[in-house]
Amino acid sequence: MAITKGPLNGIRILDMTHMHAGPYGTMLLGDLGAEVIKLESPTGDMMRMGNKEVTIENLYIIGINRNKKSLVLNLKGEYGKKAFYDLVRKSDVVYSNTRAEVPQRQGTDFNTLKKINPGIIRCNISGYGETGPAIGYPSFDIIACGHSGILSISGEPGKAPIIPGGIALADMMGGIVGSMSVLAALVRRKMDGKGVQIETNLLDGLLLLQQVMFQYYFLSGEEPGLQGKRHLFGPGYGIYDTKDSHITMCPDDHDKALKLIGLEWTLSDPRFAKPDNRVKNREELDKYIEDALLEKTTEEWIKLLRDQNDLACGPVLNYEQIFNDPQVLHNKMIIEMELKGEKYNTLGSLFKLSKGNNQDLIEGTFESAPDLGANTDEILKDILCYSDDMIEKIKAENVAYLQTRSEGAQIIRMPSEEEISEQSKE
């Protein structure tokens with residue numbers, strides 16, 4: 001394990017996750033120093049596209065599976081299941097992202113595992129929850145976005161909803177909440193020594209992200225609707241066009257901002273003189289602000305508003321600009337890694353933990369994502385102390401599993417929706 005002095009050093013995570021939500025969550029725990037063993041079926045994580053190379057096809061594996069070891073086990077086989085249970089005895093956390101009923105069918109549910117290890121923490125990220133009328137439904141990121149209501153506020157008024165931020169918001173929120181819950185469970189276990197069952201899901205995570213919007217609905221009875229480029233409650237808050245591009249604004253001193261952009265007259269206009277009137281007449285005021293901002297370039301406005309007058313605003317950067325941004329680079333959020341002799345860039349760790357005196361608590365060099373089964377022998381020998389004969393039996397079960405599947409040992413193309421749905425039931 002590369003991160004040798006992180007706060008989770010000494011914690012072992014048995015990672016049964018695949019695709020996006022779960023691997024993202026266990027990556028965060030690995031970034032904190034936990035030993036993460038990525039337990040894969042003989043066909044591997046569904047997002048593996050052949051052998052691990054620095055290619056666009058492997059972006060999921062490379063992007064969210066660093067600092068992990070890969071162990072291949074056939075959980076349907078006698079010896080594979082035994083190895084899994086033996087690892088549970090020596091692990092702190094078992095982490096998965098499947099439909100609610102899958103762990104019990106696999107024999108990997110909390111009630112089963114706590115008999116083997118009373119201190120085990122069992123985390124599963126499902127689509128809808130562990131109980132209730134929707135637990136059997138398949139769900140992926142965009143499905144959760146639709147069900148949670150977040151699509152109803154994402155996009156321009158009068159147009160179709162859009163993917164929020166263009167990212168897998170539900171998956172990443174699920175991974176973050178799952179890993180936060182694991183951290184809380186580790187603290188609790190330190191107090192009472194007992195294992196914990198963690199149940200989180202994509203739907204609940206997205207609902208909570210909309211806390212303020214739902215509070216507006218509960219209090220007013222009105223739908224927030226598609227938000228577009230402006231904030232529902234704050235005039236002068238949003239994305240505005242300038243003479244040459246765009247600018248983001250959230251000035252904490254509205255009067256000062258209005259004066260600087262040439263709208264001082266609004267301060268004496270009854271429609272805009274008081275904050276509550278500005279909210280009531282937000283759309284009208286925003287139109288004046290938008291027209292005023294078209295008079296200068298983004299750089300000119302930022303220099304006047306932010307640099308000279310300390311008002312919150314900023315540019316809308318693309319990825320190339322972010323790659324060269326001084327603050328992003330200073331924060332070490334773009335790092336260089338190496339895979340099979342080939343160097344590539346990726347995002348760094350969120351965590352900046354220190355003991356003081358600028359001594360970084362997260363120490364070590366990130367390791368690239370492992371090839372399928374790259375650490376199988378190492379784990380079975382060094383952690384479980386299995387004999388060569390036992391290891392060969394496990395590998396024979398893996399081969400037998402592959403012989404029943406036409407895909408082969410590794411998926412070399414993007415799986416279809418039907419294949420993903422079928423594998424998620426296993």
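I started with Asp-86, which lies in helix H3. For the labels: helices (H or I, at least four residues) and strands (E, at least two) are DSSP runs, numbered from the N terminus.

Before going on, I noted that this is a predicted model, where local features need pLDDT of at least 70 and side-chain atom pairs count only at pLDDT 80 or more, while totals for chains, interfaces and linings use all residues. Residues are numbered from 1 along each chain as its sequence is written, and side-chain values use heavy atoms, with hydrogens and water left out.

Is Asp-86 buried or exposed? I have it as buried, because its relative accessibility is 13%. The cut-offs are under 20% relative accessible area for buried, over 50% for exposed and partly exposed in between (1.4 Å probe, protein chains only).

I then looked for its partners.

Other buried residues of H3 include Gly-80, Phe-84 and Leu-87. I also checked the length of H3 (residues 78-89): its 12 residues at 1.5 Å each should span 16 Å, and the end C-alpha atoms are 17 Å apart, so the two agree. The expected span is 1.5 Å times one less than the number of residues.

**Strand S4 and the cores**

Next I went to S4. Val-93 and Tyr-95 point one way from S4, Val-94 and Ser-96 point the other way, and all are buried.

S4 pairs with strand S1 (residues 12-15) in the parallel sense over 3 bridges, with Leu-14 opposite Val-94. S4 and S5 also run parallel, joined by 4 bridges, and Val-93 has Ile-121 as its bridge partner in S5. Two strands pair if DSSP finds at least two bridges between them.

Which residues touch the most other members of the largest nonpolar core? I found Ile-13, Tyr-95 and Val-182, out of 35 residues. (A nonpolar core is a set of buried Ala, Val, Leu, Ile, Met, Phe, Trp, Tyr and Cys residues joined through side-chain atoms within 4.5 Å.) H7 gives the largest share of this core, 4 residues. Apart from it lies another core of 24 residues, Phe-84 and Ile-391 among them.

I looked up Val-182 too: setting aside neighbours within four places in sequence, its contacts include Leu-29, Val-93, Tyr-95 and Ile-121.

**The sheet S7-S8-S9**

This open sheet has 3 strands in the order S7-S8-S9, with antiparallel pairing. Its edge strands are S7 (238-241) and S9 (313-315), each pairing on one side only. S7 and S8 (residues 246-249) pair over 4 bridges, and Tyr-240 stands opposite Ile-247 in S8.

**A last stop at Met-47**

Met-47 sits in the loop between strand S2 (35-40) and helix H2 (59-64). I have it as buried because its relative accessibility is 5%. Met-47 and Met-19 are 28 residues apart in sequence but 5.6 Å apart in space, C-alpha to C-alpha.

Conventions
Contact means heavy atoms within 4.5 Å.
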